[in-house]
Amino acid sequence: MAKTRPDYESSLFARFLRWLQGGSTQLDDEMSHTMDDKASLSHSEADKIAQEHEAKYEARLAAMAEQEKNMYAHVHAWASNQGKGLSNWLYRILAVVICVGIIVLLVSTAAELPPYGSPDNPAHNEVAERYIEKGMQETGAVNIVAGMILDYRAFDTLGESNVLFIAAVTVLILLRMTTRPDGKPTTSQLEAECDDRMYEPKNDLILQHQASFLVPMILLFGIYGLMNGHIGPGGGFGGGAIMGAGLILYLNAFGFKKTERFFTFKTFSIVSVAALSFYAVSKAYSFFTGANHLPSIITPGTPGMLFSAGLIPYLNIAVGMVVCCTMYAFYTLFRKGDM
Amino acid sequence: MHMQLWQSIPFACIILPLGSAAVTSIMKPRLARIWATSIISIVTVLSAVVTVLYMNGAEPYTYMMGHYPAPWGNEIRVGMLETVTALVFSLTMLLSLLGGMKKLDEHLPRQNQSLYCVVLLLMTAALMAQVYTNDIFTGYVFLEIMTLAACALIAVRKRGRTLVAAAKYMIMNLIGSGLFLLGIIFLYDISGHLLMENIGDAVAHIAATGEYRQPLIVVVALITIGLSIKSALFPFHTWVPDAYGYSTPTSQAVLSSLVSKGYIFLLIKIMYRVIGLNVIVKTGITDVLFAFALVGMVMGSLSAIRQNDIRRMVAFSSVAQIGYIYMGIGLGTDAGMMAAMFHLFSHTLCKSMLFLAAGGLADASGNSKHFRDLRGAGYRSPIAGVAFTIGALSMVGFPFLGGFVAKFNFALAAMDAGSIRALLVLIVLAVSTALNTVYFLRTVITLYRKPLETAHYPAEKGQRGLLFNVSLVCFSAANVLLGVFSQIIVNAIVKGLSTFG
């Protein structure tokens, strides 16, 4: 085996030979060179170089991370100081501009509408005419508003009372505290009870005396409104709201303990379910017979009598019960999360 | 006119769920669920019967709700388009309830389970009433029920995110309701009627004489913008991802596929029966809808691509798909409306299935919804995987599925609508389809990849039981059938729209 010179690779002859064999670029040379270098180094040295490289790399990474962090900090600082202010400012300006724009548009449109109370208005047509002229004969209700909402357009009102019911259901889902299956109060219920006692002092004598005088009056007036909805002013929505207010006053004066003797969650469910079911069933019968031109057992009766106007007084009571229960339920649920 | 017995069926479809809702609230949870399921099943079967009758050439009719004829009393109208829509809506409601039934136990406290059934029944009644009503104010009343019911559906799982979403939803939707109600009030003032046909005649007269020009334009704007806010058209969609994303599966399916569609159907009905397509197009509101819809199609998809959570991704995809429907409406032509109606059906059937399937896949992956953990979920929950794939392919527009026919119809409708619109629609349709493909196929591929070595999945694989599987199989079948027999549906929509006005 011939002995080669240590710098044989870079000698003229070797380069010529390589050129003959197909040639190679300078890059190839350099790469093979360094690889040879590396190979010739001992393990410890290679490790050392690798460590140095790693250290350099990590230092660069740290510097970059630092730079990025600074950049973020800068952006955050800008966003939370100037940026937030700017967007708030823009938001306010835009809100005011849009609001004023809509107000101007709506007011100018309202000015273009037919004048109020003019006999030539499009709204004064055969529809209103029949309500006014024949309403009492056809529905038996002296109060034509009751005739309209509970007889002519009873389907809308059926939907409307279900709007109230679903509102109550939604509030129940959201606010009623979880009860245990065995009926014992949970900790959160007890806490709510304590809070309620603390923030709503009971045994206020002045309030109680006022309430014991007022509540029966209010309830009576509410019942009067319910029962006379088809004869005079009143009706389910109004009367029910009055009765609900009476119950809330009683609750405020005497507390949950006394109210629970006659009005619990069970009462609420049964009364509203019975009222809504009665409404739905009786009106389904009335719609079905009406649409199919079948004879109906419901007659208008003598206008002005307490039991007249077909279903209207009973529907008024049903609607009133739903309204009263819903109002009371809203109050207790928002106050204590339970009834 | 003498009524036949079958003509009372649509009335029964409204009154059955409405009347049975209240009683449900005092039932035991188990009974309440069986009760709600059977009522909604009956409504579905009845709707199917009427649809078959209409497919065989029954004539549209109006049904008096009470003893007084139309302009004085309330009235519902039954026709081809209404019955098909009612069938699609009730079927989706039924399958969504079945698919998410088992999860209700887990997500809701016991005392709220029967109340949840009340909400679903009232939602069904409201949708049916919305579809069949011939009176614009009745439409508003049941729209209120839908708004409140949807709020309950979002907030029923009392978590931070859903509560915030419910609050956002309430604010946006009450603005929408308010604008819509103002629109109805102005409309009554200038036309003197609430019955759709009579308003239609009055508006035609007003438009011809040029009287009340500004109020009419404002009415059109208020009604259209109000309803498009409520159905989450693009700039008003901020409540969508949280509301759709974090509730219980049944709520997700119902909210994403039915609630917004109810409003859109009412809008299309108003456009045809109340104000008239010509008047609407003349006011230029369709151009506004068209512009927002195009932006929404792209932005919704872009947002969907950025999500790491499968539920939020599907929710953002809804924003894009609502954009598609409004694009069809915005074209302002019969062909555009037809395409919009068809996409309304295909999206209703598809999106609810996607949400249910996504829930099932997440269950099989240790209740995680992140793509990282969903790898291989298609093997762990095979039926949900297949259903998700079918839904994703339909959304992307794969032939033989509903989404393809919808996109094809949009393109055809655009060709007739004038050169600039055609160009815009085709470009945006292509971009949006490409974006859809990116995020849906990425999800499908993820579902069938090898799971990460570090991932641990529950041993029982999160199977949700028979009802879940039955629901997904039915949904998949419905989607495939909608694509394969699309011509029947398309003909039905064309016939329904032509007898609508």
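Into which domains is chain A divided?

## Chain A and its two domains

Chain A is divided into domain 1, which covers residues 31–111, and domain 2, which covers residues 143–336. The C-alpha centres of domain 1 of chain A and domain 2 of chain A lie 59 Å apart. The whole model is predicted, and the confidence that the predictor attaches to it therefore deserves attention throughout.

## Confidence in the model

For the complex, the predictor gives an ipTM of 0.91 together with a pTM of 0.86. Chain A has an average pLDDT of 82, and 88% of its residues score at least 70, while chain B has an average pLDDT of 89, with 97% of its residues scoring at least 70.

Within chain A, the element with the lowest mean pLDDT is helix H2 (residues 26–40) of chain A, at 54, and the element with the highest is helix H8 (residues 205–227) of chain A, at 90. Where pLDDT is low, the predicted coordinates should not be read in detail.

## Where the two chains meet

In the contact between the chains, 46 residues of chain A touch 53 residues of chain B. On the side of chain A that touches chain B, the elements that give two or more residues are helix H3 (43–112), helix H4 (126–139), helix H6 (154–175) and helix H10 (265–291) of chain A. The largest share of this side, 15 residues, comes from H6(A). Sorted by class, the side of chain A that touches chain B has 26 nonpolar, 13 polar and 7 charged residues.

## A loop residue in chain A

A:Val142 sits in the loop between H4 and helix H5 (144–152) of chain A. Is A:Val142 buried or partly exposed? A:Val142 counts as partly exposed, because 18 C-beta neighbours lie inside 10 Å and a residue needs 20 or more to be buried.

Leaving aside neighbours within four places in sequence, A:Val142 is in contact with A:Met136, A:His230, A:Ile231, A:Pro303 and A:Gly304. A:Val142 and A:Thr302 are 160 residues apart in sequence, yet their C-alpha atoms are 9.9 Å apart in space.

## The build of chain B

Chain B has 21 helices and 2 strands. Its radius of gyration is 22 Å, close to the 23 Å that the globule rule gives for 501 residues, so chain B is as compact as a globular protein of that length. Taken along the principal axes, the C-alpha atoms of chain B fill a box of roughly 75 × 55 × 45 Å. Buried residues make up 63% of the 501 residues in chain B, and, of the contacts in chain B with a separation of 6 or more, 80% join residues 24 or more positions apart.

H4(B) is mostly covered, with 20 of its 23 residues buried.

B:Ala320 belongs to helix H13 (residues 310–330) of chain B, and B:Ala320 counts as buried because it has 25 C-beta neighbours inside 10 Å. Apart from neighbours within four places in sequence, B:Ala320 is in contact with B:Gly296, B:Met297, B:Gly300, B:Ser301, B:Ala304 and B:Ser432. B:Ala320 and B:Ala384 are 64 residues apart along the chain, and their C-alpha atoms are separated by 23 Å.

Note on methods. Residues are numbered from 1 along each chain as its sequence is written. Chains are lettered from A and ligands numbered from 1 in the order in which they are written. This is a predicted model: local features need pLDDT of at least 70, side-chain atom pairs count only at pLDDT 80 or more; totals for chains, interfaces and linings use all residues. Two residues are in contact if their C-beta atoms, placed from the backbone, lie within 7 Å. Helices (H or I, at least four residues) and strands (E, at least two) are DSSP runs, numbered from the N terminus. Ala, Val, Leu, Ile, Met, Phe, Trp, Tyr, Cys and Pro count as nonpolar, Asp, Glu, Lys and Arg as charged, and the others, Gly among them, as polar. A residue is buried if 20 or more other C-beta atoms lie within 10 Å of its own, exposed if 12 or fewer, and partly exposed in between; C-beta atoms are placed from the backbone. Domain bounds come from an automatic or database domain assignment. pLDDT is the predictor's confidence in each residue, from 0 to 100. The radius of gyration is taken over C-alpha atoms; the globule rule is 2.2 Å times the number of residues to the power 0.38.
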